[in-house]
Amino acid sequence: MSLPNPCWFLALVAPVLGMAEVSKDPPGRIAVYLGVEQQASAQSLDQMKREVETLLSPAGIRVDWRFIEQGRNAEVDHSHLYVLRMRGNCTTERIHLLFSELGPYGDVIALGSASTVDHQIQPFGRLECDPLRRSLAASLRGESPNKRDAVFGKVLGRVMAHELFHMMTGQTKHSDHGLFQSSQKVRDLATRSFSFTPAEQRALRVAVQ
Ligand SMILES: [Zn+2]
């Protein structure tokens, strides 16, 4: 049976950031296949990809992006292939009309998950756009469409990188600080700097060898 392994992003812990470590190893490559179930803005998608690449690059990892609808790239033999489905409305259109009586960051929400079978993490994950829209609505209300999309995409990228870490390393136990914590403030995901710790970067490197 496949069960979601939700990662809760809530307003509890302020992360202590690890410094990025420059990799001298040959770059590993992974393929990430995206499935957009409803809609997503191109700008947010670009920002999301850039954020994932920025977070994985210190571990020497490069990402080949594909959409599920495009099918598998027969020209590239990826042994490390991951599938992320983006659920809900992944745009910031009309986000200013959303209203949460809990306020912009008061909600406890799951923004991402990785599937498990018999307690083993599978290379399939999900991102949840609707709760992210609700959570960011108030803070993005006065911003330009470009800025909204940029912030929305950056947060999605950080959540995706967290889920990819689960999927690539098979780790279920979270860190007590940094991007691989079990919970984050959405406000921090939108505004603070994040990186994987040197130990996490080593784990990522091992995962793609
Ligand atoms: Zn997690």
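Trainee: What is the mean pLDDT of the protein chain?
Mentor: This is a predicted model, in which local features need pLDDT of at least 70 and side-chain atom pairs count only at pLDDT 80 or more, while totals for chains, interfaces and linings use all residues. Residues are numbered from 1 along each chain as its sequence is written. The pLDDT is the predictor's confidence in each residue, from 0 to 100; 78% of the residues of the protein chain reach 70 or more, and the mean is 83.

Trainee: Which element of the protein chain has the lowest mean pLDDT?
Mentor: Elements here are DSSP runs numbered from the N terminus, helices being H or I with at least four residues and strands E with at least two. Helix H1 (residues 42-56) has the highest mean pLDDT, 97, whereas the lowest, 51, belongs to strand E1 (residues 2-9).

Trainee: Over residues 8-26, how many contacts does the model have beyond near neighbours in sequence?
Mentor: Two residues are in contact if their C-beta atoms, placed from the backbone, lie within 7 Å. The pLDDT is below 50 over this stretch, and where pLDDT is low, the predicted coordinates should not be read in detail. With that caution, the number of contacts in the model for residues 8-26 is 49.

Trainee: What pattern does the protein chain follow along the sequence?
Mentor: The secondary structure comes to five helices and eight strands. Read in sequence order, the pattern is β-β-β-α-β-β-β-β-β-α-α-α-α.

Trainee: Which residues of helix H5 (residues 198-207) are buried, and what arc do they cover around the axis?
Mentor: A residue is buried if 20 or more other C-beta atoms lie within 10 Å of its own, exposed if 12 or fewer, and partly exposed in between, with C-beta atoms placed from the backbone. In H5 the buried residues are Glu200, Gln201, Leu204 and Arg205. The arc is that of the directions from the helix axis to the C-beta atoms, and these residues lie on the same side of H5 because they cover only 145 degrees.

Trainee: Is aspartate 118 buried or exposed?
Mentor: Aspartate 118 is found in the loop between E7 and E8, and has a positive phi of about 50 degrees although it is not a glycine. Most residues other than glycine have a negative phi. Because aspartate 118 has 8 C-beta neighbours inside 10 Å, it counts as exposed.

Trainee: How are H1 and H3 oriented to each other?
Mentor: Axes are lines fitted to C-alpha atoms, for helices over the stretch in contact, and angles run from 0 to 180 degrees between N-to-C directions. The axes of H1 and H3 are 7 Å apart, and the two helices pack at an angle of about 40 degrees. Angles under 35 degrees count as roughly parallel, over 145 as roughly antiparallel, 65 to 115 as roughly perpendicular and the rest as oblique; H1 and H3 are therefore oblique.

Trainee: What is the handedness of the crossing of H2 and H3?
Mentor: The axes of H2 and H3 come within 11 Å and cross at roughly 140 degrees, and the contact is made by Leu132, Leu136 and Leu140 of H2 with residues of H3 including Phe152 and Leu156. A crossing is left-handed if the near helix is turned anticlockwise from the far one by less than a right angle, and right-handed if clockwise. The crossing of H2 and H3 is right-handed.
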